[in-house]
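Here is a walk through the way two chains meet. Have the model open and follow along.

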Amino acid sequence: MTVIPLAYYLMLSALIFGISIAGIVMNRHHLIKALMSIELMLLAVNINFVAFSQYFHDIAGQIFVFFILTVAAAESAIGLAIIVLVFRRRGSIDIVTLNELRG
Amino acid sequence: MTATLIQLVFFAFSAVLLISSMMVTLTNRSVHAVLWLILAFVATAGLWILIEAEFLGLILIIVYVGAVMTLFLFVVMMLNLGEENSLKRSYKSWVSFGAMFAVMIVLFFLLLVAPNETSVAVPAISSEGNLVQLGMALFGNDALSVELAAVILLVAIVGAIYLTHREHRHYKKQQISEQIKVTKKDRLRLVRVTK
């Protein structure tokens with residue numbers, strides 16, 4: 001693995017993180033796509049963790065990835081359940097119209 | 001593998017990952033977005049296997065592509081959102097803001113990363129494989145964390161089922177508390193029958 005510098009992995013992950021931030025901002029009318037963008041962000045973070053773990057010979061990074069995957073799976077399950085509830089109650093999953101807390 | 005071949009594989013997977021993650025945000029149809037996200041996860045798994053993290057790459061395919069993305073696909077199909085006309089409306093007005101924000105953050109990260117570009121690390125040669133190392137760590141020092149992760153998954157299961165479960169309104173079933181409360185004199189009446 002000497003042929004691929006660590007920086008390439010970091011740049012790749014930064015690009016994906018930026019793309020998913022843009023995705024969250026742009027898909028403001030679609031809750032599921034916002035959730036998908038959050039999954040992409042977690043993926044970018046995980047790429048960083050795995051790259052650092054392999055390049056510094058420390059297995060702890062991969063253990064972090066393991067637990068991040070666990071928590072992300074739980075998060076998406078609960079998030080999708082909440083989305084289903086929102087759709088049942090309001091008939092749409094538009095984030096912009098969810099403004100009851102604005103008073 | 002030779003060096004150039006490894007580089008070629010890396011760039012191919014990176015290109016697939018970047019293109020598919022851009023398509024996740026840009027495509028108009030939800031099902032297509034889910035499918036592009038699956039492609040992104042598969043490309044990432046390839047990258048991880050290339051960097052000798054085989055276990056996590058396979059876990060990514062099994063757990064994410066096999067379970068989480070299936071869940072997404074089911075929810076997308078269940079909600080029946082139809083054509084998203086509203087999406088295009090928001091897309092136009094917010095694309096500049098989103099792109100600007102993303103470019104800013106990416107530039108920030110790249111500036112952080114750039115000084116390290118010359119540091120090329122040595123390959124991770126270990127006598128035991130990736131799986132053995134992970135297993136020793138997970139069930140050695142981090143055993144308590146594994147238990148906590150199991151509790152988190154249990155909470156997620158219970159929460160998701162509790163949130164989405166719907167009682168049927170016209171569903172005939174036993175009223176067990178009523179049945180238990182019944183005494184003999186509620187149900188049985190002795191009548192003297194005269195001749």
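Axes here are lines fitted to C-alpha atoms, for helices over the stretch in contact, and angles run from 0 to 180 degrees between N-to-C directions. Keep in mind that the model is predicted.

The axes of helix 1 (residues 6-26) of chain A and helix 1 of chain B come within 9 Å. They cross at roughly 10°. Angles under 35 degrees count as roughly parallel, so helix 1 of chain A is roughly parallel to helix 1 of chain B. On the chain A side, the contact includes Leu12(A), Leu15(A), Ile16(A) and Ile19(A). Chain B's helix 1 brings residues including Leu17(B), Leu18(B), Met22(B) and Val24(B). By class, the residues of this helix 1 contact are ten nonpolar, five polar and no charged.

Helix 2 (residues 31-55) of chain A packs against helix 2 (residues 30-50) of chain B at an angle of about 5°. Their axes lie 11 Å apart. These two helices are therefore roughly parallel to each other. Among the residues that meet are Met36(A), Leu40(A) and Leu43(A) from chain A, and Leu37(B), Leu47(B) and Trp48(B) from chain B. This helix 2 contact divides into eleven nonpolar, two polar and two charged residues.

Step back to the whole interface. Here 70 residues of chain B are in contact with 62 residues of chain A. On the chain B side, the elements giving two or more residues include helix 3 (54-79), helix 5 (130-139) and helix 6 (143-164). Helix 4 of chain B gives the most, with 17 residues. That side of chain B holds 51 nonpolar, 15 polar and four charged residues.

Methods. Residues are numbered from 1 along each chain as its sequence is written. Chains are lettered from A and ligands numbered from 1 in the order in which they are written. This is a predicted model: local features need pLDDT of at least 70, side-chain atom pairs count only at pLDDT 80 or more; totals for chains, interfaces and linings use all residues. Helices (H or I, at least four residues) and strands (E, at least two) are DSSP runs, numbered from the N terminus. Angles under 35 degrees count as roughly parallel, over 145 as roughly antiparallel, 65 to 115 as roughly perpendicular and the rest as oblique. Two residues are in contact if their C-beta atoms, placed from the backbone, lie within 7 Å. Ala, Val, Leu, Ile, Met, Phe, Trp, Tyr, Cys and Pro count as nonpolar, Asp, Glu, Lys and Arg as charged, and the others, Gly among them, as polar.
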